[in-house]
Amino acid sequence: MMNIFVLALCHILGIVFLTSSIDKIFKYKEFIIDIQNYKILPSKSEKVFAIVVILSQLFCAFNFIFYQMNYINLGIALTLILCFTIAIIINLFRNNKINCGCGGIVGDKQISWSTIARNFFLILIILVIIMNLPKSIQFSSNLVLFFNITIIYGIIKVCNKYKLTLNTF
């Protein structure tokens, strides 16, 4: 019973991360503006940060969807959500009314304390998964890693084909 519950949680997180990353790819320029609006990172690192976030979300998404759980995947997912939660809290205290830049099924809306609550719920899901991992965790198989890299490469190629360039440098 618990394995089915954990598997369902993994698929939920996989869908959240996948839709969010794909939305960020297709709205890359808007995502850069969202990052800039947080006013936390140096301007020279915003585009690199955006690419790292997108690739990290894709990596996590595929590992969640294919139930390839390990501490690296869970750590990356937890770090991403914690970083954005801290950035949102900082901007709420600054009284900045900015877009969260989340994308995907969680949407793009103005930051609020409900955004923080949603992120804490996602953190709770990750912690439930961590607590229910088998005692001996295996790293992602070579096949899943190859699949992840192939999908990421394919998405980048599709974006380039349709002139959705990432203008990183």
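The legends below describe several close-up views of one predicted model.

Residues are numbered from 1 along each chain as its sequence is written. In this predicted model, local features need pLDDT of at least 70 and side-chain atom pairs count only at pLDDT 80 or more, whereas totals for chains, interfaces and linings use all residues, and side-chain values use heavy atoms, with hydrogens and water left out.

**View 1. The chain as a whole, built from six helices and zero strands.**
Read along the sequence, the pattern is α-α-α-α-α-α, where helices (H or I, at least four residues) and strands (E, at least two) are DSSP runs numbered from the N terminus. The chain has 169 residues, of which 40% count as buried; here buried means under 20% relative accessible area, exposed means over 50%, and partly exposed lies in between, with a 1.4 Å probe and protein chains only.

**View 2. The salt bridge between Lys27 and Asp23.**
The structure holds one salt bridge, a term that stands for a side-chain nitrogen of Lys or Arg within 4 Å of a carboxyl oxygen of Asp or Glu. The side chains of Lys27 and Asp23 meet here at 3.4 Å, N to O. Lys27 is partly exposed at 37% relative accessibility, while Asp23 is buried, with a relative accessible area of 18%.

**View 3. Lys24 over the face of Phe31.**
Lys24 lies 5.1 Å from the ring centre of Phe31. A charge is taken to sit over a ring if NZ of Lys or CZ of Arg is within 6 Å of the ring centre and within 35 degrees of the ring normal.

**View 4. The loop between helix 2 (28-38) and helix 3 (46-65), with Ile40 in it.**
Lys39 also lies in the loop between helix 2 and helix 3, and its phi is near 55°, a positive value in a residue other than glycine. Most residues other than glycine have a negative phi. Lys39 is exposed, with a relative accessible area of 59%, whereas Ile40 is partly exposed at 40%. Gln36, which is found in helix 2, is partly exposed, with a relative accessible area of 34%; Gln36 and Glu46 are ten residues apart in sequence, and their C-alpha atoms are 6.9 Å apart in space.

**View 5. A nonpolar surface patch that includes Ile40.**
Ile40, Leu41, Leu82, Ile86 and Ile90 together make a patch of about 380 Å². Patches are made of residues with over 30% relative accessible area and no salt bridge, like charges being joined within 9 Å and nonpolar side chains (Val, Leu, Ile, Met, Phe, Trp, Tyr) within 5 Å. The accessible areas come from the Shrake-Rupley method with a 1.4 Å probe, and for residues only the protein chains shown count as cover.

**View 6. Helix 3 and helix 4, with the residues that follow them.**
Helix 3 has 20 residues and reaches 28 Å from its first C-alpha to its last, close to the 28 Å expected at 1.5 Å a residue; the expected span is 1.5 Å times one less than the number of residues. Tyr67, which follows helix 3, has a positive phi near 50°. The 23 residues of helix 4 should span 33 Å, and the end C-alpha atoms of helix 4 are 32 Å apart, which agrees. Among the buried residues of helix 4 are Leu74, Ala77, Leu78, Ile81, Phe84 and Ile88. Helix 4 is followed by Asn95, whose phi is positive, near 65°, and Asn95 counts as exposed at 58% relative accessibility.

Rings of Phe, Tyr and Trp (its six-membered ring) pair if their centres lie within 6.5 Å; planes under 30 degrees apart count as stacked, over 60 as edge-to-face and the rest as tilted. By this rule there are four aromatic pairs. Phe93 is exposed, with a relative accessible area of 64%, while Trp113 is partly exposed at 48%. Ring pairs also link Tyr38, Phe49 and Phe84 into a cluster.

**View 7. Val106 in the loop between helix 4 and helix 5.**
Val106 counts as partly exposed at 24% relative accessibility. The C-alpha atoms of Val106 and Arg118 are separated by 9.0 Å, although the two residues stand twelve residues apart along the chain.
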